[in-house]
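Please study the sequence and the model below before reading on. The paragraphs that follow lead from the ligand to the core and then to a hairpin.

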Amino acid sequence: MNIDQFMEGDKAAWEQRDKLMFAPATHMNRRSYNAIVKDWDAVRTALFRHESAFLDRLVNDMRPSAKVLDLGCGTGRPVAELLLQQGFSVTGVDQAEDLLALARQRLPEGRWLHAQMEAFEPDEDYDGAVIWDSLFHVPREHHEPILRRVVRRLRPGARLMLSVGGSDHPPFTDTMYGQPFFYDSHTPEAVVSILTALGTVIEKAEFINPPTDGRDKGRYGIVARMA
Ligand SMILES: C[S@@+](CC[C@H](N)C(=O)[O-])C[C@H]1O[C@@H](n2cnc3c(N)ncnc32)[C@H](O)[C@@H]1O
């Protein structure tokens, strides 16, 4: 049993652990997602524009009953839910226990793990992985190690569906439903280089929404495949 499993369900212990072991950024995002669970759940009911093409690519040729890891799965809706509907097995990982509780309640056929992706070590091999709109909530020094730990558990031919920030920008905080959230990302080009160095082949890489001159720093989607 590792420390994450030991502390599963103990909110006070998690608060203490966040403060001692992890950056304030991670602590802030966990509290903030828990605080906006109702609003987030109400808005994140279906794939947003341009997202379907990435999910279609992820599951293309995937064998029936394939296993998919969803890192930063939130409530499991819509991504894990769509994968489960197609007959795949899903392991969802998230640090915000109130979002994860919805996933457990609605999608009991999934495997739901309460963990921080900076500390998460996959314990099985996967036919696919999703890290969608979650990596950019983690300080960028963790991004390569997180991707390395996931990629090394992907079977040959398995795909990773990933989104990152869309511009060259220092870390920043922004608000959503009145709560503060931390964001950080390498540039899309740097992430493509990391994934290529890890032995994947980039199959699809494009802006989901390009950066504007204002608040929107852009979002970039990638599907990479294990050679
Ligand atoms: C924008 S939501 C995206 C959720 C889901 N992937 C989707 O596409 O709807 C970001 C998710 O990442 C999770 N998250 C953020 N930082 C995390 C971390 N360090 N470890 C685990 N989960 C994290 C949040 O709790 C939240 O559920």
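Helices are DSSP runs of H or I with at least four residues, numbered from the N terminus. The model discussed here is predicted. With the helices numbered in this way, helix 3 gives the most to the shell around the ligand, namely 3 residues. The ligand has 20 residues around it, of which G72, G74, Q95, A96 and S134 come nearest.

Helix 3 itself covers residues 24-35. Its 12 residues should span 16 Å at 1.5 Å a residue, and its end C-alpha atoms are 16 Å apart, which agrees. Within helix 3, the residues T26, N29, R30, S32 and Y33 are buried. An α-helix has 3.6 residues a turn, so residues three or four places apart point the same way.

The largest nonpolar core has 46 residues, and V68, L71, A129, V130, I131, V150 and M161 have the most contacts inside it. Strand 5, residues 154-165, gives the most to this core, with 6 residues. Leaving aside neighbours within four places in sequence, V68 is in contact with several residues, among them L83, F88, Y126 and A129.

Is strand 6 buried or in the open? Of the 5 residues in strand 6 (residues 172-176), the number buried is 0, so the strand lies largely in the open. Strand 6 runs antiparallel to strand 7 (residues 179-183), and 5 bridges join the two. One of these pairings links T173 to its bridge partner F182 in strand 7. The two strands form a hairpin with 2 residues between them, and Y177 in the turn has a positive phi of about 45°.

Definitions and conventions: Residues numbered from 1 in each chain as written. Predicted model: local features only at pLDDT ≥ 70, side-chain atom pairs only at ≥ 80, totals over all residues. Buried ≥ 20, exposed ≤ 12 C-beta atoms within 10 Å, placed from the backbone. Pairing = 2+ DSSP bridges. Expected span 1.5 Å × (residues − 1). Core = buried A, V, L, I, M, F, W, Y, C linked by C-beta atoms within 7 Å. Contact = placed C-beta atoms within 7 Å. Near = placed C-beta within 6 Å.
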